[in-house]
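Open the structure in your viewer and keep the selection panel at hand. The stops below say what to select next and what is there.

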Amino acid sequence: MRDENCIFCKIANGEIPSATLYEDDDFRIILDLGPASKGHALLLPKEHYENLYMLPDELAAKALPVAKKMITKLTEVLGCDGYNVVQNNGETAGQTVFHFHMHLIPRYKGDQVGL
Ligand code: 5GP
Ligand code: ZN
């Protein structure tokens, strides 16, 4: 499933280059263009689903272990002190790109990240 007008479909499938940290058959993890903190990454499924409600259970079940491995690795690499894993559904909840994604936001002692 693809949406021709969706930027994350193009990024996830490599049609638009991105700073990719990880890729497999189902997902791509990229650096966020407007990072909330150093190393802020986004996990995107390659198929287009607007939000968590639309995401098939099978993909949802695959996403968390991938996110977990990534934040474990990035914690080592970045030396961060904690992590927020955030996922917005709907404009009211702060969603601005309507292709499911998980924010992986490293936290550093004393940072001023507002979520
Ligand atoms: P949302 O507000 O939908 O939860 O998150 C969308 C995120 O996507 C924002 O953090 C924003 O900075 C990021 N973003 C929007 N457009 C692009 C883009 O073209 N490339 C990348 N890497 N990130 C983007
Ligand atoms: Zn999409």
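Predicted model: local features only at pLDDT ≥ 70, side-chain atom pairs only at ≥ 80, totals over all residues.

**First stop: asparagine 89**

Asparagine 89 sits in the loop between strand S4 (82-86) and S5.

Leaving aside residues up to four places away in sequence, asparagine 89 touches Asn51, Leu52, Tyr53 and Gln95. Take tyrosine 53 from that group: 36 residues separate it from asparagine 89 in sequence, yet the two C-alpha atoms are 8.3 Å apart in space.

**Second stop: the ligand**

Select ligand 1 and show what is around it. How many residues surround ligand 1? There are 13, and the closest are Leu33, Gly34, Asn88, Thr96 and Val97. Colour this shell by class: six residues are nonpolar, six are polar and one is charged.

Next, select Ile29, Leu42, Leu43, Leu44, Ala67 and Leu104, the residues with the most contacts inside the largest nonpolar core, which has 19 residues. Which elements each supply at least two residues of this core? They are helix H1 (7-12), strand S2 (27-31), strand S3 (41-45), helix H2 (57-78) and strand S5 (102-107). In soluble globular proteins, nonpolar side chains tend to be buried together.

Stay with alanine 67 for a moment. Not counting residues up to four places away in sequence, alanine 67 touches Leu43, Val85, Met102 and Leu104.

**Fourth stop: the whole chain**

Clear the selection and switch to a cartoon view. The chain holds two helices and five strands, and along the sequence they follow the pattern α-β-β-β-α-β-β. Along its principal axes, the C-alpha trace spans about 40 × 30 × 25 Å. The radius of gyration is 14 Å, which agrees with the value near 13 Å that a compact globule of 115 residues would have.

Buried residues make up 24% of the 115 residues in the chain. Of the contacts with a separation of 6 or more, 59% are between residues 24 or more positions apart.

**Last stop: confidence**

Colour the chain by pLDDT. The mean is 97, and 100% of the residues reach 70 or more. For the model, ipTM is 0.98 and pTM is 0.97.

Key
Residues numbered from 1 in each chain as written. Chains lettered and ligands numbered in written order. Core = buried A, V, L, I, M, F, W, Y, C linked by C-beta atoms within 7 Å. Buried ≥ 20, exposed ≤ 12 C-beta atoms within 10 Å, placed from the backbone. Helix = DSSP H or I, 4+ residues; strand = E, 2+ residues; numbered from the N terminus. Contact = placed C-beta atoms within 7 Å. Near = placed C-beta within 6 Å. Nonpolar A, V, L, I, M, F, W, Y, C, P; charged D, E, K, R; others polar. Rg over C-alpha atoms; globule rule 2.2 N^0.38 Å. pLDDT = per-residue confidence, 0-100.
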